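Subject: Structure for you to look at

Hello,

Here is the structure I said I would pass on. Please have it open while you read; the notes follow below it.

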Amino acid sequence: MNLSEDLKHPIFRRIGRIADAMGREVYVVGGYVRDIFLQRPSQDIDLVTVGSGIELAEAVARDLGPRTPLNVFATYGTAQVKHHGLELEFVGARRESYRRESRNPIVEDGTLTDDQNRRDFTINAMAICLNADRFGELVDPFNGLVDLAKRVIRTPLDPDITFSDDPLRMMRAVRFATQLDFEILPETLEAIRRNASRLEIITRERINDELGKIMRSPRPSIGFKLLDSTGLLAIAFPPILDLKGVETVEGVGHKDNFLHTLQVVDNVAARSDNEWLRWAALLHDIGKPATKRFDDKLGWTFHNHNFIGEKMVPRIFRKYKMPMNENMKYVAKLVGLHMRPQSVGESGVTDSGVRRLITDAGPDLDDLMILAEADITSKNPGKVRRQLEGFRRLRERMEQINDADALRNWKNPVNGNEIMEHFGLAPGEEIKWIKDAVKEAIMEGEIPYDHAAAWQYALEHGEDILAANRDARNAKTLQ
């Protein structure tokens, strides 16, 4: 098969011409070749040459001009050239051998055949020649094209050896199955189960990279179910395993919160590309196992699981080396708030409840509403209808609140300095008492959301607020 028509960009002929002048074979390999057949656009092009990949990259960079970006990674024998939005990754063909305690291979120079043998899956082991006399020729020794047509994931060689040598390939198998909606062949899947414990030698950073790609897929649940069924989830991200299963008492059971969670993630993914909103969906019920109780009258309860979950998020992110930054704070915030839209909707959509929701969610209000609506997975049509109607009324009322846009960027109209100066207070909790009372008055609609009204309220009620809170504090101390 000749694919020259699929290599219309002039860079391919140019690289082939440079390689011919050097007496080198050169091939496009891996994902770029696979994506030609899947009709998926790609700007990342992997190239293999028989010989030094760095030397060929340097020659290509010189040919493209003195300002061409070139990065050399001598330790790995690779180099990257950037050209008009394309990222060209060059490596020399090689054969690899592994030690059991490490995924870092012992590398030797090899042939194209050696290089294809070391590839993870047949669909990634295809190559296209760029040399002039064979330009566009497909080299497919493992029938990767057939596997693409069958939509299956299979290793080129013995899967036990493939996965034991580099255990990250097991995560990659799950990731490709999720991204492409392919099936992992049964014998390949069984090999993953046999070798799952080998994933422990992989760094958290590499595991998290694959988890992120699974999370960004159209239906992340495919990947998490595969990770669970193969035993990889117990190493890759065990916190959500506690959500699995249904407990029954006196004939009353609760839903499987693991399966519910994955459905919520898919529901969010159908509406948003925001990866961290999807992580919030994955962790929204993480507090349920710790709060699960059976009540003779109410059945199963999970009181305050949202608040417990919010506190768990930073610990989970830290333990699994996820980013301890604004993304973590965003996930924790949405986990803590995910029940609020439903409770506000069920309470009859009061103005004060809507104002509090808008203020507490702030700029993340739209994302919170997506999460709350995605959380509706009941099989009871009546219950779904009632919940959706509550959310409809809530959205309608949010649009009618005059100061809704200002409340999204809530900032208390009165500041601590003016409170300290007027009431003669030192920095401390007493300032917060007054500011909280001002906020409550605004939320209840007693005063408008502006400085003049808020400051007047503080002047009129400040002394009473301080006295009441001091009395309450003293009474608590005496207890």
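This is a predicted model: local features need pLDDT of at least 70, side-chain atom pairs count only at pLDDT 80 or more; totals for chains, interfaces and linings use all residues.

D181 sits in the loop between α7 (168-180) and β11 (183-184). Its phi is near 60 degrees, a positive value in a residue other than glycine. For context, most residues other than glycine have a negative phi.

H84 is a second case, with a positive phi of about 50 degrees although it is not a glycine. H84 lies in the loop between β4 and β5. Buried or exposed? H84 is exposed, with a relative accessible area of 71%, and the cut-off for that word is over 50%.

**The sheet**

The turn that holds H84 belongs to a hairpin of β4 and β5, with two residues between the strands. These strands are part of an open sheet of seven, in the order β3-β4-β5-β2-β1-β8-β9, with mixed pairing. The edges are β3 (70-73) and β9 (138-139); each has a single partner strand, so one side of each is left without a neighbour in the sheet. Strands of a sheet pair through backbone hydrogen bonds, either parallel or antiparallel.

- β3 and β4 run antiparallel and are joined by four bridges. N71 stands opposite Q80 in β4. The two strands form a hairpin with four residues between them, and G77 in that turn has a positive phi of about 70 degrees.
- β4 (residues 78-83) and β5 are also antiparallel, joined by six bridges.
- β5 and β2 pair in the parallel sense over six bridges. L47 stands opposite F90 in β5.
- β1 (residues 26-29) and β8 (residues 127-129) pair in the antiparallel sense over three bridges. V29 stands opposite A127 in β8.

Within this sheet, five of the seven residues of β5 (residues 86-92) are buried, so the strand is largely enclosed by the rest of the structure. Helix α2 (residues 31-38) lies across β1, β2 (44-49), β8 and β9. The helix runs at about 60 degrees to β1.

**Cores and helices**

Which residues have the most contacts inside the largest nonpolar core? They are F224, F237, I240, L283 and V331, in a core of 136 residues. Leaving out residues up to four places away in sequence, V331 touches W276, W279, A280, L283, V313 and F317. A second, separate core has nine residues, including L112, A127, C129 and V139. A127 is the residue named above as standing opposite V29.

V331 is one of the buried residues of helix α16, along with M328, Y330, A332, L334, V335, G336 and L337. The helix covers residues 326-337; at 1.5 Å a residue its twelve residues should span 16 Å, and its end C-alpha atoms are 16 Å apart, which agrees. At the start of α16, a side-chain oxygen of N325 comes to within 2.9 Å of the backbone nitrogen of N327.

Helix α19 (residues 365-374) has nine of its ten residues buried, so it is largely enclosed by the rest of the structure. The buried residues of α19 are L365, D367, L368, M369, I370, L371, A372, E373 and A374.

**H284**

H284 lies between α13 (275-283) and α14 (288-291). H284 is buried, with a relative accessible area of 0%. What does its side chain make polar contacts with? One partner is the side chain of D285, at 3.1 Å. Another is the side chain of D375, at 3.0 Å. Not counting residues up to four places away in sequence, H284 touches H260, T261, V264, H305, V335, H338 and D375. Among these, V335 is also listed as buried in α16.

Regards

Definitions and conventions. Residues are numbered from 1 along each chain as its sequence is written. Side-chain values use heavy atoms; hydrogens and water are left out. Two strands pair if DSSP finds at least two bridges between them. Contact means heavy atoms within 4.5 Å. Axes are lines fitted to C-alpha atoms, for helices over the stretch in contact, and angles run from 0 to 180 degrees between N-to-C directions. The expected span of a helix is 1.5 Å times one less than its number of residues. Buried means under 20% relative accessible area, exposed over 50%, partly exposed in between (1.4 Å probe, protein chains only). A polar contact is a pair of N or O atoms within 3.5 Å; within protein, one must be able to donate a hydrogen and the other to accept it, and residues adjacent in sequence count only if both atoms are side-chain atoms. A nonpolar core is a set of buried Ala, Val, Leu, Ile, Met, Phe, Trp, Tyr and Cys residues joined through side-chain atoms within 4.5 Å.
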